[in-house]
Amino acid sequence: QQGDAKKEQLPWGEIQEKWIELYLSLLRFYREENFLDGWNDTNEIFEKIYSYLSSRQTARLHYERVMFELFSLDLPNIKKQLISWPINRSLPFWEAKRAGLLAEIGEMEESENILESSLSYIRSKLNLVPVKNNYTLVSQESYVMLLLQYVKGARSFTGREFDNHKAIR
């Protein structure tokens, strides 16, 4: 009985979160090392626990799934995975990642729209709090601005508008 009491006192919410983070890290490792069996087995686990994931973990899972298909050069499945990725404007960093992947497959207009929306969201949050010790939003802003500049440059280049390449401000 004493063992049961100790088990009940454990921070099960934190343990669950860390366990999921470990499995997400495993997905990335298996993808990067091309351990297909390990990747597939871990991905199957996520099918069973999907409803327990936070919105950030869900975005990271979908990112790993798209990257897996990208590494496999499977364009139809890349598109399928991007479509199944739930849109979450309150996670601008992950939305920017999704936009970058859309740009990779040539969906420049959609990518640009997502990046502009993400930049707007980040800037609205930056206006609410002064930057003191947490530079997360400032870092995300610079990341999204750079990615947006690349996407706009690619769009103008494909549209043969060579003089319209301007910096994002």
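Modeller: Happy to, and let me start with confidence, since this is a predicted model. The mean pLDDT of the protein chain is 88, and 86% of its residues reach 70 or more.

Biologist: How many helices and how many strands make up the secondary structure of the protein chain?

Modeller: Reading along the sequence gives the pattern α-α-α-α-α-α-α-α. The count is therefore eight helices and zero strands.

Biologist: What share of the residues counts as buried, and what share of the contacts with a separation of 6 or more joins residues 24 or more positions apart?

Modeller: The protein chain exposes about 11100 Å², with carbon and sulfur atoms supplying 52% of that area. Of its 169 residues, 36% count as buried. For the contacts with a separation of 6 or more, the share from residues 24 or more positions apart is 50%.

Biologist: At what angle do the axes of α3 and α4 cross, and what is the handedness of the crossing?

Modeller: Two packed helices are described by the angle between their axes and the distance between the axes. Here, helix α3 (residues 36–49) and helix α4 (residues 55–71) have axes that come within 12 Å. Those axes cross at roughly 145 degrees, and the crossing of α3 past α4 is left-handed.

Biologist: Which residues of α4 do the α3 residues meet?

Modeller: On the α3 side, the residues are L36, W39, N40, N43, F46 and E47. By class, the contact of α3 with α4 has five nonpolar, two polar and three charged residues. The partners in α4 are L61, E64, R65 and F68.

Biologist: Staying in α3, why does T42 count as buried, and which residues does T42 touch beyond four places in sequence?

Modeller: T42 lies in helix α3. T42 counts as buried because its relative accessibility is 4%, and the cut-off for buried is under 20%. Not counting residues up to four places away in sequence, T42 touches Y23, L26, L27 and Y30.

Biologist: How is G38 placed, buried or exposed, and how far in space is G38 from L27?

Modeller: G38 is also found in helix α3. With 16% relative accessibility, G38 counts as buried. G38 and L27 are eleven residues apart in sequence, and their C-alpha to C-alpha distance is 7.9 Å.

Biologist: Moving on to α7, what is the relative accessibility of S111, and which residues are its contacts beyond four places in sequence?

Modeller: S111 lies in helix α7, which covers residues 108–128. Its relative accessibility is 0%, so S111 counts as buried. Leaving aside neighbours within four places in sequence, S111 is in contact with A99, G100, L102, A103 and V151.

Biologist: And K80: buried or exposed, and how far is K80 from V66 in space?

Modeller: K80 is found in helix α5 (residues 75–84). A relative accessible area of 54% makes K80 exposed, because the cut-off for exposed is over 50%. K80 and V66 are 14 residues apart in sequence, and from C-alpha to C-alpha they are 8.7 Å apart in space.

Biologist: Where is N34 placed, and what is its phi?

Modeller: N34 is in the loop between α2 (12–33) and α3. N34 is exposed, with a relative accessible area of 56%. Although N34 is not a glycine, its phi is positive, at about 60 degrees.

Biologist: Last one: which loop holds L73, and what is the relative accessibility of L73?

Modeller: L73 has a positive phi of about 60 degrees, although it is not a glycine. The place of L73 is in the loop between α4 and α5. L73 counts as exposed, and its relative accessibility is 74%.

How values were computed. Residues numbered from 1 in each chain as written. Predicted model: local features only at pLDDT ≥ 70, side-chain atom pairs only at ≥ 80, totals over all residues. Heavy atoms only, no water. Axes fitted to C-alpha atoms, helices over the stretch in contact; angles between N-to-C directions. Helix = DSSP H or I, 4+ residues; strand = E, 2+ residues; numbered from the N terminus. Left-handed = near helix turned anticlockwise from the far one by under 90°. Contact = heavy atoms within 4.5 Å. Nonpolar A, V, L, I, M, F, W, Y, C, P; charged D, E, K, R; others polar. Buried < 20%, exposed > 50% of the residue type's maximum accessible area, 1.4 Å probe, protein only. pLDDT = per-residue confidence, 0-100. Areas by Shrake-Rupley, 256 points an atom, 1.4 Å probe, with all protein chains shown as cover.
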